[in-house]
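Please look over the sequence and the model below before reading on. The text that follows starts from one residue and then widens to the whole chain.

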Amino acid sequence: ENAGGLCACMMSVHYNALPVAATTPTHYEVKGAGSESEIHACVIEGTGLDTGFVLQDGADADISSTIIKNALTGISLPNIGTASNLNSISVTISGSTTHLNIAHPTAIVTFSGNITQSKVTNASSNYSFLYLE
């Protein structure tokens, strides 16, 4: 989280999440302008009640070579504060109730990967999707 000032930056490589059944964790929450996160080679095996990624209030995230399975929500960009930016490549979301939830009307999203279109909610016109279903 960044409340202003210098960049709050994080890089995560080879993160594997196996949460306890029936729990509701948010695996990555990045928020605040100046917050930047790079996630590479991540696997999240969800509980059906959890969220893989939440980006809000001006946060930036690059996500690549990542798999999110069986989560309530794979990736969420809520309509909180300023628009966040998501750049993703080679991301697979499967078995989740909602794959992408882009609620912020000016969020900037580039998504490349494997998702189910009917499980995408998008309120933004600033997006580019290249996906397999």
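In this predicted model, His27 touches Tyr15, Ala17, Pro19, Ile44, Asp50, Thr51 and Gly52, leaving aside residues up to four places away in sequence. With one of these residues, Asp50, the side chain of His27 makes a polar contact of 2.8 Å. His27 belongs to strand E3. Is His27 buried or exposed? Its relative accessible area is 14%, and because the limit for buried is under 20%, His27 counts as buried.

Five strands make up an open sheet, and their order is E3-E6-E8-E10-E12. The pairing in this sheet is parallel. Strands of a sheet pair through backbone hydrogen bonds, and the pairing can be parallel or antiparallel. Which strands stand at the edges? They are E3, residues 26-31, and E12, residues 120-122. Each of the two has a single partner strand, so one side of each has no neighbour in the sheet. From one strand to the next, the twist averages 5 degrees.

Strand E10 covers residues 98-102 and pairs with E12 in the parallel sense over three bridges. Leu100 has Val120 in E12 as its bridge partner.

Another link in the chain runs between charged side chains. How many salt bridges does the structure hold? It holds one, and the side chains that meet in it are those of Glu45 and Lys69, at 3.2 Å from N to O. Glu45 has 25% relative accessibility and so counts as partly exposed. Lys69, at 30% relative accessibility, is also partly exposed.

The whole chain can now be described. Of its 133 residues, 38% count as buried. Among contacts with a separation of 6 or more, 56% are between residues 24 or more positions apart. The chain exposes about 6,400 Å², and 54% of that area is supplied by carbon and sulfur atoms.

Notes: Residues numbered from 1 in each chain as written. Predicted model: local features only at pLDDT ≥ 70, side-chain atom pairs only at ≥ 80, totals over all residues. Heavy atoms only, no water. Buried < 20%, exposed > 50% of the residue type's maximum accessible area, 1.4 Å probe, protein only. Contact = heavy atoms within 4.5 Å. Areas by Shrake-Rupley, 256 points an atom, 1.4 Å probe, with all protein chains shown as cover. Salt bridge = Lys/Arg side-chain N within 4 Å of Asp/Glu carboxyl O. Pairing = 2+ DSSP bridges. Helix = DSSP H or I, 4+ residues; strand = E, 2+ residues; numbered from the N terminus. Axes fitted to C-alpha atoms, helices over the stretch in contact; angles between N-to-C directions. Polar contact = N/O pair within 3.5 Å; in protein donor to acceptor, adjacent residues only side chain to side chain.
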